[in-house]
Amino acid sequence: KKGYYPIIGFPGKTQALRAGQLYHLVFRNIDPDPSTNFISIDHSATRTDNGRPARWLNTLDWSTLFATRPSGKQVPFQWFNLTERGSSGNYFSPIMQITLKNGQSQGVSDTESGSVDPQRVYTARANAPIRERFTPGSDKIISGFSVATAASTAGELGWRLLDGETELGKGTIRQDPPNYQPLKTNTGILLANTHWYDVAFPRDITLKAGRSYDLEFTPVGESEWKFAAHVNGRLAGFSWPASFTESQAQHWRKGTWINTFYWNYSRSALGSNWPVVLHRAP
């Protein structure tokens, strides 16, 4: 157990999971008075205007389901998929990791974000770029990437993929007119409204295991772009591929790159990522 993330084991003999079979991990309050004695199960959430918390999730086999039935009636529960359909203007997805006996893991551990505007959102400018530093655990062939951002001042966002000082690819993303508009929640908090941009490389690129690669994003001219970092669960014990622990968010500060800590951008801290996803080549 690390912090708020207990490790729950299955004592005794367990049945092997079968490929293609759908499984549900069910939490149910069995207290005689559940309205006064209860506990919540935390999830990642975002406004439906932003799309699903992680759009690459297969909502069939990695979803948050919620069941209701009339009080006092022993009738079948009605189940609602909060990852696929949402609720009260929000999409939800589980914060959970399943670890198999062979050490492999599966899940999502996007535990917290810097989406609150203006306190945590990062404004990238020509003199204040960001990058995601990837250090893959195995060789990977990638065909492109996706990034979630929005332009508060219209223009171009330059990107380049670096192996040390060697440039493996570069290009620009253009947004005109500006498309950044914070979203107001039902509690009055403003959240960053970002959009996914998909970029295909002209050719596939091989990333070697154990080597660090930097995907930089630098606004061009007077253009300004908003980014929201996310905590990846690495420090709470989550492992790849349950979280983006093969990469680290960084930003440029006072002439050097530092690890991003969105509670205080003048400090350096491990455990966060910009919303950047590499595309594995077919």
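This is a predicted model: local features need pLDDT of at least 70, side-chain atom pairs count only at pLDDT 80 or more; totals for chains, interfaces and linings use all residues.
Q: What is the strand order in the open sheet of 6 strands?
A: Strands (E, at least two residues) are DSSP runs, numbered from the N terminus. Two strands pair if DSSP finds at least two bridges between them. Here the order is E13-E12-E17-E10-E20-E21, with antiparallel pairing. Strand E13 (166–175) and strand E21 (256–259) are the edges, each pairing on one side only.

Q: How many bridges join E10 to E17?
A: Antiparallel strands E10 (residues 130–134) and E17 (residues 213–219) are joined by 5 bridges. Glu132 has Leu215 in E17 as its bridge partner.

Q: Which residue forms a salt bridge with Lys140?
A: A salt bridge is a side-chain nitrogen of Lys or Arg within 4 Å of a carboxyl oxygen of Asp or Glu. The whole structure has 9. Lys140 pairs with Glu246, their closest N and O atoms 3.2 Å apart. This pair links distant parts of the chain, 106 residues apart: Lys140 is in strand E11 (residues 140–153), Glu246 in the loop between strand E19 (230–231) and strand E20 (247–253).

Q: Are Glu246 and Lys140 buried or exposed?
A: Buried means under 20% relative accessible area, exposed over 50%, partly exposed in between (1.4 Å probe, protein chains only). Glu246 is buried because its relative accessibility is 14%. Lys140 is buried too, at 10%.

Q: Which salt bridges does Arg160 form?
A: Arg160 forms one with Glu216, at 3.1 Å between the closest N and O atoms. That pair links strand E12 (residues 155–163) to strand E17, 56 residues apart. Arg160 also forms a salt bridge with Glu167, at 3.5 Å. Arg160 is partly exposed at 33%, whereas Glu216 is buried at 9%.

Q: Where is Thr83, and is Thr83 buried or exposed?
A: Thr83 is in the loop between strand E3 (78–81) and strand E4 (90–94). Thr83 is buried because its relative accessible area is 1%. A polar atom of the Thr83 side chain lies 2.5 Å from the backbone oxygen of Phe92.

Q: Is Pro177 buried or exposed?
A: Pro177 is exposed because its relative accessible area is 52%. Pro177 lies in the loop between E13 and strand E14 (183–184).

Technical notes. Residues are numbered from 1 along each chain as its sequence is written. Side-chain values use heavy atoms; hydrogens and water are left out. Helices (H or I, at least four residues) and strands (E, at least two) are DSSP runs, numbered from the N terminus. A polar contact is a pair of N or O atoms within 3.5 Å; within protein, one must be able to donate a hydrogen and the other to accept it, and residues adjacent in sequence count only if both atoms are side-chain atoms.
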